[in-house]
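I opened my notebook to look up a few things in this structure. Here is what I was looking at.

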Amino acid sequence: MLKTHNCGDLRASHAGPALAVTLAGWVHRYRTHGGVIFVDLRDRSGIVQVTFSQDTAPDAFAVAEQARNEWVIQVKGTVQRRPPGLENPEMPTGDVEVVAGAAAVLNPSKTPPFYIDHEAGEAEGLRLKYRYLDLRRQRMQRNMILRHRTVKFIRDFLSERGFVEIETPILTKSTPEGARDYLVPSRVHPGNFYALPQSPQQLKQMIMVAGFERYFQIARCFRDEDQRADRQPEFTQLDLEMSFVEREDIMQLIEPMITQLVETVSDKKLLFKPFPRLTYHEAVRRFGKDSPDLRFGMELADVSDLVAHSDFSVFRNAVEAGGQVKGLRAEGLGGYSRKEMDELTEFVKGYGAKGLAWLAVQPDGYRSSFAKYLSGETVDALVARLEGQPGDLLLLVADRPAVVAESLGRLRIELGNRLGLRDDNVLAFAWIIDFPLFQWNEEEDRWDPSHHLFTSPMPEDVPLLDSDPGAARGQQYDLVCNDFEIGGGSIRIHRRAIQEKVFKLIGLDVEAARQQFGHMLEAFEYGTPPHGGIAPGIDRLVMLLAGEHNIREVMTFPKSQTASDPMTGAPSPVTDQQLKELHIRLAD
Ligand code: ASP
């Protein structure tokens, strides 16, 4: 190799004239001090200081004099202890320096568009355009290595437990996971398209039909959705499926895997061991979300009964119309100004609420947007229900239950941020169970599956498919952490009759179901074992383990907010010839 040692590995034990080292790496920083140049030389392992002396090694000095940031150089020299008092306790290699005897430029570098040795708030677009430089930075190297360790841990953990890693195709047929498909036109079948998998859902179920019993895959999934901090057009899941299992078996496999993973690869603290389990309805009732952040309280309280007959029409009307009035207590924010209150009002309006009612508890009474419309007793009861103490701010929304949950759920997170209650070093994993099997789709006037259409109903709820589908619960379980859904899974339907019933409820008639899922229905006729699985998102998991707030920070070459890649320019136009081969004519 062009080097004998890694920069970051050098320690005082390497010091001494007997050991000659050859290093190769990037010039991280340099400074000149009279006849001496100090270069911080970096490779993946870390940084070590190299000194070039004009007196003792003039040729090496001449190389260092020329070199600039990010030049690639090779250095031959010896490791020496730094003189007493000049050690740098901040650096793992800070007890030593390498005294250069010879040096060579392996490759110069243009001046990078941003500093590699520190971040200065560069626009993300610039970071993505020069991602290969951004990835040189310590933070990104750490994130990528953490990702590697995470995936390796998972592979080892599952392999030890009898799982087989099996690949499934990328060019496949649409699998409905509720998002838009990415389509790939077929050259040999004019007018036909492959779909990139939204997940390998159907294929892993086929693998169960095929008798593998325990499958996993670090699987790339593709969904054409609007981009958010936790969404990308393509992302990676730990896709997993098991035969002859019940819900409990999957949960008892995944929970120790996650616990041991966190404790092995990160220094994050697990808030709960074992993970608490909340039903879907409990999560929404208490936190407004089915992926609650359980690192802090600030639970939602229902005051509908207290204000249903009050003179305040906003509250009364909401309850009369079948809605709710719920609120939460922002501890110590009673001093918020009108302007800050207006900001919070705008915030909840962004999630569909018509307004935000507020009440600041003061030592000698209340300051409030609504208290004057209610009797003193009602206000006291409301404050008591929300456990308001002097100095607190109580915030309420009156609306349809879905709007109340969404707006207050989001407000709770916003206030959690403002109050510093969301510590990145703490991971609060939990299970959400007993989801409704279906959600009513008002626009389309039909049921939609809450998870996907292969999720089995709870055995005792099967009769509800005929009598009251909205009340049927699915054998679904979501793993959540710190306001994110980390992964969802379910026990699947393995009997054709129930699968057909579900197709029907979601508006797929026999013919349409046969066209889209004929292969599944057919496979299910050949002795399908009872099976179930789950698919935790690797990107979100690594993001939390890294203490990052955006999955792009743990992906090598992510797409931008507009689903494009500033580095390669994808997506980009193609030639007329290519289009012709694909039998495609552009509309405009
Ligand atoms: N395919 C599902 C998803 O991507 C996960 C599963 O049910 O295993 O969310």
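Where does Met 567 lie? I found Met 567 in the loop between α16 (538-546) and α17 (576-581); helices (H or I, at least four residues) and strands (E, at least two) are DSSP runs, numbered from the N terminus.

A note on ground rules: this is a predicted model, where local features need pLDDT of at least 70, side-chain atom pairs count only at pLDDT 80 or more, and totals for chains, interfaces and linings use all residues. Residues are numbered from 1 along each chain as its sequence is written, and side-chain values use heavy atoms, with hydrogens and water left out.

Next I checked cover. Met 567 counts as partly exposed because its relative accessibility is 30% (buried is under 20% relative accessible area, exposed over 50%, partly exposed in between, with a 1.4 Å probe and protein chains only). Of the 588 residues, 49% count as buried.

Then I looked up salt bridges (a side-chain nitrogen of Lys or Arg within 4 Å of a carboxyl oxygen of Asp or Glu). I got 53 of them by this rule. Arg 127 pairs with Glu 553, with the closest N and O atoms 2.8 Å apart. That pair links distant parts of the chain: Arg 127 sits in helix α2 (residues 124-129) and Glu 553 in the loop between α16 and α17, 426 residues apart. Both Arg 127 and Glu 553 are buried.

I also noted Asp 461 and Arg 473, whose side chains meet in a salt bridge (2.8 Å, N to O). Asp 461 counts as buried because its relative accessibility is 6%, while Arg 473 is partly exposed at 24% relative accessible area.
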